[in-house]
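I opened the model today to look up its fold, its helices and a handful of side chains. These are my entries, in the order in which I made them.

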Amino acid sequence: MKIFIILFVCFFSSVAGSICGIGGGVIIKPALDAANMMDVASVSFLSGCTVLSMSAVSLYKNLKNEDNNDFHKAFASILTVGSILGGIIGKSAFQLLLDISEIKSKAGAIQAAVLLLLTAGTMAYELKKETITTKNIENKLVVFFIGCLLGILSAFLGIGGGPINLIALFYLFSMRTKEAALYSIYIILFSQIASLLYSICTGNVPPFSVGILALMIGCGITGGLTGSAISRKMNHKMVDQLFTGLMVLMIFINLYNIFRCL
């Protein structure tokens, strides 16, 4: 029963994450924490690996799509370099949190609380976005620091990127939903690569089942491919509706995790 729950969560999350550009980890991480099937460090690591596989195949499929010919690789690369640095910083911060014995047991609650605040803020923005005047930042240094901040949050929370990527891209660069989703997946891919390499190089890879990792990566790949195929048949309004529904679900799951861990 345990393995079926994990596979369902990973596949569903990867499909939804590929469509909305939220990476899937924003669902995988809190959902598996709520199921209390493994420790918080293992969940963060496995979630990151799943998101990495999903984002790789999803980005590949989306960039082959002729509708995405206006994808600006130079802009995406600046964001990516920032997200790589941020991924290393975020993973370091999470490891520091685990190393502080007095609050190690509360690490899951801290992650859930931060994610809850980000998700609630995202939800508020989504509901009011038609009345919000967006920006169109072009300064390369500012773009780099934005990518760095997004990478920090991604790696620290073990979610791959989540809704905060989309809101940043919506507001700071005046992107529409499907366009922002593509850039978000680009950021997620490289921040997770940096996070994974940091864990390996510093010897901070938590204990995990190789079999479960392989199955989760498999779900990430198939979910990414499925989500990319579905995304091409959806318009911006449909993606917005799915995104809003996922945010409501995440708010309730994170509230549960906060009270469960305290």
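**Entry 1**

I began with asparagine 257, which is buried, having a relative accessible area of 2%. I note at the outset that I am reading a predicted model. Asparagine 257 has its place in helix 11, which covers residues 236-261. When I set aside residues up to four places away in sequence, I found asparagine 257 touching Pro30, Asp33, Ala34 and Ala112.

**Entry 2: valine 239 and its surroundings**

I stayed in helix 11 and looked up valine 239, which is found there. Its relative accessible area is 0%, and therefore valine 239 counts as buried, the cut-off being under 20%. Apart from its neighbours within four places in sequence, valine 239 is in contact with Ile19, Cys20, Thr177, Lys178 and Met234. I also checked phenylalanine 12, which is 227 residues from valine 239 in sequence, while the two C-alpha atoms are 15 Å apart in space.

**Entry 3: the salt bridges**

How many salt bridges does the structure hold? I find two.

In one of them, the side chains of lysine 29 and aspartate 33 meet at 2.4 Å, N to O. Both residues lie in helix 2 (residues 25-35), where they are four residues apart, or about one turn of the helix. Lysine 29 counts as buried at 2% relative accessibility, and aspartate 33 is buried as well, with a relative accessible area of 8%. Aspartate 33 was already on my page, being one of the residues that asparagine 257 touches.

The side chains of aspartate 240 and lysine 129 also meet in a salt bridge, at 3.0 Å, N to O. Aspartate 240 lies in helix 11 and lysine 129 in the loop between helix 6 (107-128) and helix 7 (140-157), so this pair ties together parts that are 111 residues apart in sequence. I read a relative accessible area of 16% for aspartate 240, which is buried, and 18% relative accessibility for lysine 129, which counts as buried too.

**Entry 4: a nonpolar patch**

Which residues form a nonpolar patch on the surface? I list Ile193, Leu197, Ile200, Val205, Phe208 and Val210, which together have about 490 Å² of accessible area. Helix 9 (residues 177-201) gives the most to this patch, with three residues, and isoleucine 200 lies in that helix.

**Entry 5: the chain as a whole**

Last, I stepped back to the fold and counted eleven helices and zero strands. The radius of gyration is 17 Å, close to the 18 Å that the globule rule gives for 262 residues, so the chain is as compact as a globular protein of that length. Its C-alpha atoms fill a box of roughly 45 × 40 × 35 Å along the principal axes.

I recorded 55% of the 262 residues as buried. The chain exposes about 11500 Å², of which carbon and sulfur atoms supply 68%. Among contacts between residues at least 6 apart in sequence, 85% join residues at least 24 apart.

Key. Residues numbered from 1 in each chain as written. Predicted model: local features only at pLDDT ≥ 70, side-chain atom pairs only at ≥ 80, totals over all residues. Heavy atoms only, no water. Patch = residues over 30% accessible without salt bridge, like charges linked within 9 Å, V, L, I, M, F, W, Y side chains within 5 Å. Areas by Shrake-Rupley, 256 points an atom, 1.4 Å probe, with all protein chains shown as cover. Salt bridge = Lys/Arg side-chain N within 4 Å of Asp/Glu carboxyl O. Helix = DSSP H or I, 4+ residues; strand = E, 2+ residues; numbered from the N terminus. Rg over C-alpha atoms; globule rule 2.2 N^0.38 Å. Buried < 20%, exposed > 50% of the residue type's maximum accessible area, 1.4 Å probe, protein only. Contact = heavy atoms within 4.5 Å.
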